[in-house]
Amino acid sequence: MILHTKFEEKIEINEADILHFEHGLPGFEDEKQFVLLPMEGTPFSTLQSVSTKDLAFFTTNPFLFFKTYDFEIQESVQEQLKIIEESDVHVQVILTIQEPLDKSTANLQAPVVINVKENLAKQVVLTESRYKTRHELSESKLVRQEG
Amino acid sequence: MLVLTRKLQEAIKIGDDIELKILSVDGDQVKLGISAPKNIEIHRKEVFLAIQQENNEASATSLNVFQQLKKLKKNKI
């Protein structure tokens with residue numbers, strides 16, 4: 001199907017690639033379908049709403065930037081997302097982009113957990129967590145802005 | 001809003017499955033014990049609000065940023 005996106009006009013997506021967020025995302029409870037679109041050649045992706053063209057988030061794989069990042073997926077979430085094996089799980093975190101880019105932050109307190117086999121996803125709020133909504137990507141000294 | 005007064009160790013029940021118990025009171029801090037089914041999500045409200053707000057801010061990015069990010073090639077990171 002053809003999808004109109006915030007950043008790239010029209011793209012062709014496979015309906016089987018649509019991620020289903022049963023309860024939407026906090027603040028966007030009515031947005032239940034997204035696609036994760038990798039930005040080629042970068043560690044970033046956009047999480048684009050299927051129904052709202054102008055709604056998209058930048059995301060990344062947190063483990064690339066925060067080597068020690070870890071959390072446990074609650075049993076209730078495992079059930080909700082029908083997660084059976086760890087290898088079914090893909091994690092992205094939402095970025096809040098700042099200028100300059102190396103001031104951008106990642107929301108490690110609310111990772112997006114995706115069951116890639118079932119295409120079920122949820123932004124999980126970690127309860128007892130040492131992580132916050134804003135961790136600078138530069139904390140990891142990994143992002144360098146290209147001139 | 002329904003308002004109920006409870007003493008230490010007293011509880012209230014919400015529906016069949018949820019129970020809130022006052023475990024301790026220390027000055028202005030109240031410790032609550034919550035028993036609920038696993039599929040009921042329980043969050044400190046301020047944490048949930050912070051995440052809503054962060055999502056709102058995260059969604060407000062421009063095309064310009066997209067183009068800048070595209071320039072960050074993997075091998076430079």
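The model is predicted, so local features need pLDDT of at least 70 and side-chain atom pairs count only at pLDDT 80 or more, whereas totals for chains, interfaces and linings use all residues. Residues are numbered from 1 along each chain as its sequence is written, chains are lettered from A and ligands numbered from 1 in the order in which they are written, and side-chain values use heavy atoms, with hydrogens and water left out.

The partner of Asp70(A) is Arg130(A): their side chains meet in a salt bridge, 2.7 Å from N to O. Arg130(A) sits in the loop between strand S10 (120–123) and strand S11 (135–136) of chain A, and Asp70(A) in the loop between H1 and H2 of chain A, so that the pair links distant parts of the chain, 60 residues apart. A salt bridge here is a side-chain nitrogen of Lys or Arg within 4 Å of a carboxyl oxygen of Asp or Glu. Side chains of opposite charge can pair when their charged atoms come close. Arg130(A) is exposed, with a relative accessible area of 57%.

Another salt bridge joins the side chains of Lys117(A) and Glu85(A), at 3.9 Å from N to O. Because Lys117(A) lies in the loop between strand S9 (112–115) and S10 of chain A and Glu85(A) in the loop between H2 and S7 of chain A, this pair ties together parts that are 32 residues apart in sequence. Lys117(A) is exposed at 59% relative accessibility, and Glu85(A) is partly exposed at 42%. Glu75(A), Glu79(A) and Lys38(B) are joined into one network by salt bridges that share partners. Over all chains, the structure holds 10 salt bridges.

Next comes the overall build of chain A. Chain A has two helices and 11 strands; helices (H or I, at least four residues) and strands (E, at least two) are DSSP runs, numbered from the N terminus. Along the sequence, the pattern is β-β-β-β-β-β-α-α-β-β-β-β-β. The radius of gyration of chain A is 15 Å, close to the 15 Å that the globule rule gives for 147 residues, so chain A is as compact as a globular protein of that length. This radius is taken over C-alpha atoms, and the rule is 2.2 Å times the number of residues to the power 0.38. Buried residues make up 52% of the 147 residues in chain A.

In one of them, the rings of Phe7(A) and Phe66(B) have centres 4.9 Å apart and planes at 0°, so the pair is stacked. Phe7(A) lies in the loop between strand S1 (2–4) and strand S2 (10–12) of chain A, and Phe66(B) in helix H2 (residues 63–71) of chain B, so the pair joins two chains. Both Phe7(A) and Phe66(B) are buried. Phe44(A) and Phe65(A) also form a stacked pair, 6.1 Å centre to centre with 20° between the planes. Rings of Phe, Tyr and Trp (its six-membered ring) pair if their centres lie within 6.5 Å; planes under 30 degrees apart count as stacked, over 60 as edge-to-face and the rest as tilted. Both Phe44(A) and Phe65(A) are buried.

Thr96(A) counts as buried, at 3% relative accessibility. Its side chain makes a polar contact with the side chain of Glu54(B) at 2.6 Å. A polar contact is a pair of N or O atoms within 3.5 Å; within protein, one must be able to donate a hydrogen and the other to accept it, and residues adjacent in sequence count only if both atoms are side-chain atoms.

Finally, some backbone details. Most residues other than glycine have a negative phi, and most peptide bonds are trans. The peptide bond from Glu99(A) to Pro100(A) is cis, with omega near -5°, and Pro100(A) is in the loop between S7 and strand S8 (105–106) of chain A. Lys82(A), a residue other than glycine, has a positive phi near 55°. Lys82(A) is found in the loop between helix H2 (75–80) and S7 of chain A.

Technical notes: Buried means under 20% relative accessible area, exposed over 50%, partly exposed in between (1.4 Å probe, protein chains only).
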